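Welcome, and let us take a walk through this structure together. Please have the sequence and the 3D view open as you read.

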Amino acid sequence: MVATVGRCYTNPKDYAQENYYSTGDGLTNSEWLGKAASEQGLKGQIQEQHFHNAYQALDPNGDPLRRQQNYRKPVQRHNRPGTDVTLSAPKSISVAALVMGDNQILEAHKAAVRATMEYVEKNCIFYQTKQKGKKLLLQSKTAQIAVFHHDDNRNKDPQLHSHCVILNQTLCPDGKWRAVANEQLYTQIKTIGAYYAHELARQLEQIGCKIQWTDDHIFELAGVDKEKLDAIFSTRSNQIEAELEKLGLTRKTATAIQKQTVCLKTRKEKKHHHQPEDRERQLLEWKQRATQAGIKINREHRTQLEKAYNQPSHPGSIQKLLTEACNILTERQTAFIRHELLKECLRQSQGKYDPNLLLAHINQKEELVPTTDGRLTTKSQLSRERNIIQWANTGKNSRIPLASQEQAQIIAQQRGLNSGQTTALIHIVTSPDAVVLVQGNAGVGKTYTMNALKQTLCNQPIRGLAPSAAAADVLQTESGISSQTLASYLLTKNERLPQNEILLVDEAGMLSSVQMEQLLNKAQATNSRVILVGDTKQLSAVEAGAPFKLLQEHSLPTAIIDQNLRQRDPSLKQVVDLMATHDRDESSINQAYSCLYHQGKVKQIAAETERVEAIACDYLSRPTEVRNKTLIIAGTNADKQTLTTAIRQGLMNEGVLESESRLIQTLKRKDLDKFAITKAHHYQRGDVIKFQIDNAQFSRDFYYRVSDVDSITNTVTLIDSNGIDYTLPLDKYKQREVYQVQQLEIRPGEQMRFTKNISVHDYKQLNGQRFTVVGFTEDGQISLLTKGKTIAVSPSSLLHSDYRYVDTVHSSQGQTADYCIYCASAAKSLSIGRESFYVAASRAKQEFVVYTANATDLGVTVQISRANENASDLVSPSKDMEPKSPPAGEPLATPSITHLSTSKADSTEKASSLYQLSQLSDAELVSVARSVQQWLQNKPTEPSLNKGKALKSEIEELQRHKTKLSKQLVTQKQELNQLGQPRSLFNPFGVSGEIIENKQAEIQLTSSLLRDIESQRKKTTNSFTQWQSEARAFLDWEENPKTKKIKQLAEELESPLIRERIARITEEYTLYGAAKTILNKEGKRLGNGFYFFGNIYRIQQQETTLTIFHKDYNEPLFVATDNRANGGIIEVSQCNLTEEDKENIQGAAKYLEKQKTQSKGFSR
């Protein structure tokens, strides 16, 4: 499943040549889509001349639609004809539709393409214009789209895909044609691809296809041998992967540029079919290849009920799905774009819901709050921030000072604190507040000040907290304050915590909003005070929010330590001091970078191989004592791995790493969110799972390896160290970590670090703790030197370890070194910014050197802030308390037929045919339409036959499993009885107690499995009973005579004549409503009526009659009487308004709805 966006073919005829159904000038496998095409009378099949005209921004007659730029040098620049969005079906879908000839699947693809292009037209089509000298990017919501459905790739393999050529002209609201600003097509390409994928899945399920998801937005037909299919019909993909393998890369590890380079390198010239027999010959060849390979694709056909409807329900409601999607998006970002929420909803719904329905719920969800820059945040995040501020404010003047100012000054003088450190110490100990803030730049001696705090407090209870184990270890070592990770403290139950503690939080700038709220809640529960020490200018938390900055910005007293004590080199100190002011002066980073560049410390090497070699040589050429004081920092994990490989090779060449080696297995945690961890396609055989808490089946003390993955049942089979198999339903026991196993070569002399906190009996390791491999023992153990001690451990003790030659910027925060080498290869990477550059530069005392692919690009990137945001900074005051408004650019809603007041009498009995409908009055017609709509809206849920079959099958399977386990339990109990009493002093010939205990454990496990299966069987039986009830209710509704009559009326209401009448009535209601808005906003009461006098129109209302005049004429343009109070409708007796009049009146009403000000043609 692929969605790509790019430039159109240079020659428009290429689209026709690639279309294998071309006959003369007709392209029978093509179609026009979009409102801009319809406006030109272009519908259905594309004619080659019409497409050629559209390519040049001409209408079907060859006349220009819009003004085009005339370039003096046409060889250098050309007008952009359009943008090509290509949507490709999964391989199994392509083979089923094209090779097996399943036309229903082919039509499902086309329907998904049309639905996706409708989304694109409504959400991705913009134009640029000027208003009052300012350039504006506005939404037009009209597109001219030429769709060409193709069926093979460059290697002549079956590949169903559609080129959707979005021509470079759009009809704007003012009636003018303008060029399309296509940025949103590129920005939303992943959402567009997801929309197509999930709509295709929905269409396929409706025609009876079973699908199997293989990734978040990728699926195949269930039961298809994907490996065999790819081997026969994915030669193009296989070529690319083989070429990547030569470079030591895969699709997942290669960068976008690397993949594009390989794709172009292996691309063959496109060969076209010029004759129908060529097409037939290729189809025959595909079928022969499929037959020889034994490829079969079958699908079950549904009953009439299933063909009419199949809407499998998502576990829970759409509102629940939206809530879960919002929660996942806001785990790591405070605000998000609307289309990102749609993409996440699609990922979680997996084709179960119509995307239009999801969009409608997104637009109506009250939890969402628009930000001032057009994104969305949530009320939950705003509430969390309010709680943080409220708790801090409530704690003001609620505590007794910890010490006097005189005591603090004495300690400060004894310890030689500078003025900033002394001020901070005094601020902490004399503050009467429950929350105390200390803002300290990098390298100003914050930890040293905390050591002085420890001395000032004497024996008062103080606990140190830090975001990581390594940071907590440093805090404890350098300050003398007993410290732990913040996470471990937050997991401790309140009843196990002492009261009235002092909680000192280091690196407070790296706390997320969720962590800060949890911390303050605990502090409140234990009556503890909180001292937050950190730097808002360094890196933020991985999760969302910047609460340390939030508290500082809300007038909480903050002590500042800003005297830089770290840098010894004057030039480097100048650079770091400039960077330290980037929160107040954004130009300071540019000045710092310029200084660094002119000092010759920014080295530009474009080629990656040469750049990596240069960094490795720089490090390896240094004396050993200098190497030990040099910190290497990489901008990305990919750079970290590449550099580590190069440095290790150099150390092996030098003999620093000895020749003897051993391969060990290490675990790399998979970054799975709450949804992904419950889906089978995120697991592979060989993965390792560790549960965070004990549960009925699994222990938190053991590791379990994945031996099998079943996407159909959404389960994995696990095996423990004793070889016992377990089945894990992935929607259960979700508190687990999932790891990928990696092979790591280690040698004596290897510099490494632990990557996880582990404490077992007398063995303890900290995340980030460093160690050196000393050697290997004869009994298979590994000797390590860590914290000045040599210990021997088993290879399994190094499951959570890695090389430590290179750090990321995030892991380097809190470290200090004499020398620092910074690899910022990807100069435009999102991992590089103002904060990360400041952190990297401020680690060094004497020298800071930067290596990059492009020094100019890096100079721009380091000026961009990547700091976390706070929701309250992004919304207008009290915005989160206001009702959610429609999205910017959306038209105000016009009354639909269901909004029209109607007579209480049921007029459906009066209208039994199309002729009778046409004879009804407007009021009666509205009543009929409303009754029909209400009846259809009350339609009971239509059951899915597949769901019923699946539930019944699951019950039968569970019953079989239960029977099997019951027999197994009886056998196990009999075996236990046969074992008799355990061996003892009085029973010397009995079996050992261990054997009996093992058998008892087996019985316990089998009993536990039986209980789980019985519970699941009852749950499934209840679901099946509910399904049967829904099926009966639906069939009763379907067989109701009134339903049949209502359905007939619904069809007749769709006739052109009736639809035209209803559209007229709706328009009249809209005009009446617009005129009333103008009267209400700008009108005046005179005598017995309301009057409005504008520059173009005057409007008056006397009693229930409203009249619109042109200001210079007495002949009414519009007369309407409101009879709704008497059970009638708004009846329009005269309407002579032109289209321009209607646009003027409705436009003015919309304008007045937004703000009360002068409007052209309506000012007083």
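**Rings in the interior and beyond**

Let us begin with Tyr-822, which is buried, its relative accessible area being 0%. Buried means under 20% relative accessible area, exposed over 50% and partly exposed in between, with a 1.4 Å probe and protein chains only. This is a predicted model, in which local features need pLDDT of at least 70 and side-chain atom pairs count only at pLDDT 80 or more, while totals for chains, interfaces and linings use all residues. Residues are numbered from 1 along each chain as its sequence is written, and side-chain values use heavy atoms, leaving out hydrogens and water.

Now for the aromatic pairs, of which the structure holds 18. Rings of Phe, Tyr and Trp (its six-membered ring) pair if their centres lie within 6.5 Å; planes under 30 degrees apart count as stacked, over 60 as edge-to-face and the rest as tilted. Phe-691 and Tyr-704 make an edge-to-face pair, 5.7 Å centre to centre with 75° between the planes. Both Phe-691 and Tyr-704 are buried. The ring centres of Tyr-822 and Phe-837 are 6.2 Å apart and their planes are at 40°, so this pair is tilted. Phe-837 counts as buried too, at 0% relative accessibility.

Ring pairs also join Phe-691, Phe-698, Tyr-704, Tyr-726 and Tyr-733 into a cluster.

Finally, look at two arginines. Arg-627 lies over the face of Tyr-619, 5.8 Å from the ring centre, and Arg-1098 lies over the face of Phe-1109, at 4.4 Å from the ring centre. A charge sits over a ring if NZ of Lys or CZ of Arg is within 6 Å of the ring centre and within 35 degrees of the ring normal.
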